[in-house]
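Here is a friendly tour to read with the structure open beside you. Take it one topic at a time and find each element as you go.

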Amino acid sequence: MNDEVLKMSSVVKRFAQHEVLRDVSLTLHRHEVVCLIGASGSGKSTLLRCANLLETIDGGDIELFGQSLLDPRVDPDLVRRHMGTVFQSFNLFPHLSVLENIALGPVRALKRPADEVREEAMTLLARIGLQDRASEFPDRLSGGQQQRVAIVRSLAMRPSLLLLDEVTSALDPTLVGEVLDLLTDLAKSGTTMLIATHEMNFARDVSHQVAFLDNGVLIEKGPPDQVFERPRHDATRVFLGRVR
Amino acid sequence: MSSETDAAVPDAPPRLFAPRRRLLFKGRNGLAASLASSAALVAVILAILFATSGGQSFRFYFFNPHFLWIALRGNPLKAVGSVLGGIVTNIWIFLLCEVLVLLFGLIIAWVRVTTTPLLVPFRLLATVYADIFRGIPFVLVIYIVGYGLPQLSLGALSNQSPAVYGCIALTLTYSAYVSEVYRAGLHSVPHGQILAARSLGLTQYATMRRVVLPQAVRTVIPPLLNDFISLQKDTALVSLIGVVETSRAAQIGQETYFNGSFLTMSALLFLAMTIPMTRFTDHLIDKDREKRLAGAQ
């Protein structure tokens with residue numbers, strides 16, 4: 001009960017008349033990795049954006065550590081500091097060096113001392129083997145390196161959970177592996193993650209729960225063995241048949 | 001295999017050599033071609049100045065060494081000020097206005113793109129301001145400010161020299177233009193940058209200050225410099241409310257000596273001021289284009 005990190009209950013999201021999320025309920029426990037699968041446009045990204053309040057929901061509730069995020073006293077800026085978000089298109093800051101990209105959040109949002117943050121950022125960079133690229137600008141790095149920096153940038157905030165939005169979809173196929181390896185590492189070390197992905201093998205290997213979204217509806221959710229090997233719903237079966 | 005796919009291969013080797021006369025304008029002959037066209041252009045200009053019937057009087061009126069020298073020195077006995085002395089006024093007005101316009105324009109743009117409810121009335125005000133001062137001819141603005149503010153009896157604000165009113169008018173008008181340049185720059189930063197910054201828990205202000213603005217300023221520098229080139233020239237318009245700067249000094253000299261060399265000297269001084277700026281701006285634009293082309297590879 002107490003190890004619930006993020007709990008979304010009956011979340012509804014509309015864009016104009018179109019319902020993008022219909023009654024979606026999903027719980028993320030401490031040290032748990034949940035993979036969201038589903039076709040493009042099924043609502044995976046929207047779900048993540050609702051979770052960190054980049055979108056406002058039209059129904060249902062979202063709780064972080066048992067506190068409703070719909071409470072008017074909640075400051076979205078404070079909420080987001082507990083959730084690292086990684087985007088499909090990296091979104092590194094092109095005018096800042098790799099190190100400054102990582103240090104920006106801790107220094108400017110958490111107001112932590114700059115030299116302490118820099119030291120920590122260097123440790124994080126060493127972890128992904130890019131410590132000697134610290135002073136370079138992001139456009140000098142490969143897509144895979146940029147995405148790993150983006151992941152490390154959100155880790156620098158020491159978030160309670162990570163939201164990852166199709167983080168390998170914009171990458172050259174040869175670069176996907178290094179990013180997935182890093183995520184696998186993080187999963188093994190107990191990082192709580194909600195991952196929207198098209199990489200089915202990765203989802204099967206790394207996740208504790210897999211949730212299949214179709215047209216804004218959470219069709220089924222369960223351990224990867226069950227969802228991938230014995231899907232209960234026809235829609236899941238059809239989807240998996242198409243991506244294989 | 002089939003005759004359709006073979007159609008692209010010609011029977012005989014294709015002709016690759018251009019006719020001789022076309023080669024004159026291409027490749028290795030480029031230098032010769034450019035020298036030839038330059039010489040022709042110079043010849044036409046010299047012909048107009050030296051071979052036409054009006055050429056001599058034109059040269060005497062605008063390029064008389066004697067009067068060019070007087071323009072530079074001025075003649076206190078005839079109450080003709082130095083054109084060179086006048087340009088100092090233009091320069092300090094320009095430098096002062098440049099700083100004020102950069103600041104004020106940024107504030108206006110910032111207010112216009114910020115969505116904080118607290119700033120709603122200011123946003124409206126900034127929009128109205130930008131509309132008004134981009135819409136009124138500067139000549140009218142300078143008269144309204146120059147003759148209007150002193151009448152308001154607003155203490156120190158109504159008790160200034162015409163040059164100060166000139167600066168206020170220039171700042172008001174140019175800030176309106178520059179705020180639009182800034183605003184375009186702020187809007188040119190990809191939305192993903194804002195999402196990434198907000199996802200790190202940065203406030204709207206910190207996002208603007210640390211992520212959006214630094215990127216916007218880079219794209220905005222060349223168009224800003226363009227506006228400053230025209231600001232440099234428009235400092236001449238403060239003469240309308242009685243400031244004797246270089247163009248007004250030149251006009252006085254021309255009326256006193258009935259010779260246009262004063263105007264020429266003033267124009268040359270303006271060029272000495274603006275050409276470094278225009279060259280620098282073009283250099284920045286070229287560098288930016290090169291960077292973009294390199295990025296596309």
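This is a predicted model: local features need pLDDT of at least 70, side-chain atom pairs count only at pLDDT 80 or more; totals for chains, interfaces and linings use all residues.

Chain A has an open, mixed sheet of six strands and an open, antiparallel sheet of four. Chain B is divided into two domains, residues 20-52 and residues 70-296.

**The six-stranded sheet of chain A**

- The strands of this open sheet run in the order E6-E7-E8-E3-E9-E10, with mixed pairing.
- Strands E6 (83-86) and E10 (217-222) of chain A each have a single partner strand, so one side of each is left without a neighbour in the sheet.
- From one strand to the next, the twist averages 15 degrees.
- Within this sheet, strand E3 (residues 33-37) of chain A pairs with strand E8 (residues 193-196) of chain A in the parallel sense, over four bridges.
- To find that pairing on screen, look for Val33(A), which stands opposite Met193(A) in E8(A).
- Helix H5 (residues 143-155) of chain A packs on the sheet and touches E6 and strand E7 (161-165) of chain A. The direction of H5 makes about 165 degrees with that of E6(A).

**The hairpin in that sheet**

- Strand E9 (residues 209-214) of chain A and E10(A) pair in the antiparallel sense over five bridges.
- Leu213(A) has Leu218(A) of E10(A) opposite it.
- Two residues lie between E9(A) and E10(A) in this hairpin, and Asn215(A) in the turn has a positive phi of about 55 degrees.

**The four-stranded sheet of chain A**

- Here the order is E2-E1-E4-E5, and the pairing is antiparallel.
- At the edges stand strand E2 (18-29) and strand E5 (67-68) of chain A; each has a single partner strand, so one side of each lacks a neighbour in the sheet.
- Strand E4 (residues 59-64) of chain A is joined to E5(A) by two bridges in the antiparallel sense, and Glu63(A) has Ser68(A) as its bridge partner.

**Nonpolar cores**

- The largest nonpolar core holds 111 residues, and those touching the most other members are Leu36(A), Ala51(A), Val152(A), Leu161(A) and Leu194(A).
- Helix H9 (residues 162-188) of chain B gives this core its largest share, 11 residues.
- Leaving aside neighbours within four places in sequence, the contacts of Leu36(A) include Leu47(A), Leu194(A), Ala211(A) and Leu213(A).
- A second, separate core of 10 residues includes Ile70(B), Ala71(B), Ala250(B) and Leu269(B).

**Where the chains meet**

- The contact takes 18 residues from chain A and 15 residues from chain B.
- On the side of chain B that touches chain A, helix H10 (191-199) and helix H11 (204-234) of chain B each supply at least two residues.
- H10(B) makes the largest contribution to that side, with six residues.
- By type, the residues on that side of chain B are seven nonpolar, six polar and two charged.

**Chain B: domains and a buried glutamine**

- The centres of domain 1 and domain 2 of chain B, taken over C-alpha atoms, are 39 Å apart.
- Is Gln232(B) buried or exposed? Gln232(B) has 21 C-beta neighbours inside 10 Å, and therefore counts as buried.
- Gln232(B) is found in helix H11 of chain B and touches Phe94(B), Met273(B), Thr274(B) and Met277(B), not counting residues up to four places away in sequence.
- Gln232(B) and Cys97(B) are 135 residues apart along the chain, with 9.5 Å between their C-alpha atoms.

How values were computed. Residues are numbered from 1 along each chain as its sequence is written. Chains are lettered from A and ligands numbered from 1 in the order in which they are written. Two strands pair if DSSP finds at least two bridges between them. Axes are lines fitted to C-alpha atoms, for helices over the stretch in contact, and angles run from 0 to 180 degrees between N-to-C directions. Two residues are in contact if their C-beta atoms, placed from the backbone, lie within 7 Å. Ala, Val, Leu, Ile, Met, Phe, Trp, Tyr, Cys and Pro count as nonpolar, Asp, Glu, Lys and Arg as charged, and the others, Gly among them, as polar. A residue is buried if 20 or more other C-beta atoms lie within 10 Å of its own, exposed if 12 or fewer, and partly exposed in between; C-beta atoms are placed from the backbone. Domain bounds come from an automatic or database domain assignment. A nonpolar core is a set of buried Ala, Val, Leu, Ile, Met, Phe, Trp, Tyr and Cys residues joined through C-beta atoms within 7 Å.
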